[in-house]
Amino acid sequence: MFGSRRSTRMRRVVGRVVPVAALTGLLSLAGCGSDGSSGIDVRPGDTPQANITGIVYGPGGAIAMHKAWWDVGLVSSAFALLPGVTLPVGPGQPVSLSQVDIVDAGDGVIDHDQPLIPLTFTNFEGRYSIIAPEAEDVTSCRKMVSVGSGTALTRSFVYRKSPVDIDATSEAMVRVILDNVAQTRHQLCNFSSDELIQIYDKVFVAASTARGDNVADLNQAAYVRARGNRDVQAALAAAGESAN
């Protein structure tokens, strides 16, 4: 479904491993570059001064409930051979950076996160890069990046500069942490950056078998698996106890 070690540049889906590098060949077949140079206002990824950067993934490279960015001509035919694949979303996907209010999140639902900067956009690799003073402190409690809306909303808490990928795993992590906050005496700020990374790793393993043909279904499937996993729950409990 989706990969955990971003250095491998691979995404595991439906029993297969799909190299992200394969996108480059498909883009070249379609006459597109991979640097975001399409007239869209994008910020290049992997820049040294980027405060927060990562890749946005969705089923078939889609976040909203419409065709994926590659779904034209020859590129569409190529991806038709890989149903259910989770891929980078491609160019122009809006990404927001916001501040979560710990009181607002206390009931397990984030209703009123506060945007910190104007939207930034992904490039042809699906990468977003946020370069702003508001993004310099990545360990304070608690910033969040997100894409989509409604049932397609997909989020990640910010716990390091890179990578902060946004996908079904990160959304499942957000949900199980909010559940823990609502059901215990823990607060969102009890979770340190290192503990969030540990929880993410446990969620990734638990959610690795999740399947879904659209964003909402995949996010829900990943969350259900993470919520019922003993290792995830143990990591949540340990994080809360370490703060007491």
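Start by selecting residues 168-183, helix H3, together with residues 215-227, helix H5. Keep in mind that you're looking at a predicted model. The two helices pack with their axes 8 Å apart, at an angle of about 50°. An angle under 35° would count as roughly parallel and 65 to 115° as roughly perpendicular, so H3 and H5 are oblique to each other. Their crossing is right-handed.

Now show the side chains where they meet. On the H3 side, pick Ala168, Glu171, Ala172, Arg175, Val176 and Asp179. On the H5 side, go for Leu218, Asn219, Gln220, Ala222, Tyr223, Ala226 and Arg227.

Next stop: the largest nonpolar core, with 33 residues. Which of them touch the most other members? Select Phe157, Met173, Ile177, Phe191, Ile199 and Val203. At least two residues of this core come from each of H3, H4 (193-207), H5 and H6 (230-242), and H3 gives the largest share, eight residues.

Zoom in on Phe191 from that group. Setting aside neighbours within four places in sequence, what is Phe191 in contact with? You'll find Arg142, Ile177, Asn180, Val181, Leu196, Ile199, Leu236 and Ala239 around Phe191.

To finish, look for another core, apart from the largest one, with 19 residues.

Note on methods
Residues numbered from 1 in each chain as written. Predicted model: local features only at pLDDT ≥ 70, side-chain atom pairs only at ≥ 80, totals over all residues. Heavy atoms only, no water. Axes fitted to C-alpha atoms, helices over the stretch in contact; angles between N-to-C directions. Helix = DSSP H or I, 4+ residues; strand = E, 2+ residues; numbered from the N terminus. Parallel < 35°, antiparallel > 145°, perpendicular 65-115°, else oblique. Left-handed = near helix turned anticlockwise from the far one by under 90°. Contact = heavy atoms within 4.5 Å. Core = buried A, V, L, I, M, F, W, Y, C linked by side-chain atoms within 4.5 Å. Buried < 20%, exposed > 50% of the residue type's maximum accessible area, 1.4 Å probe, protein only.
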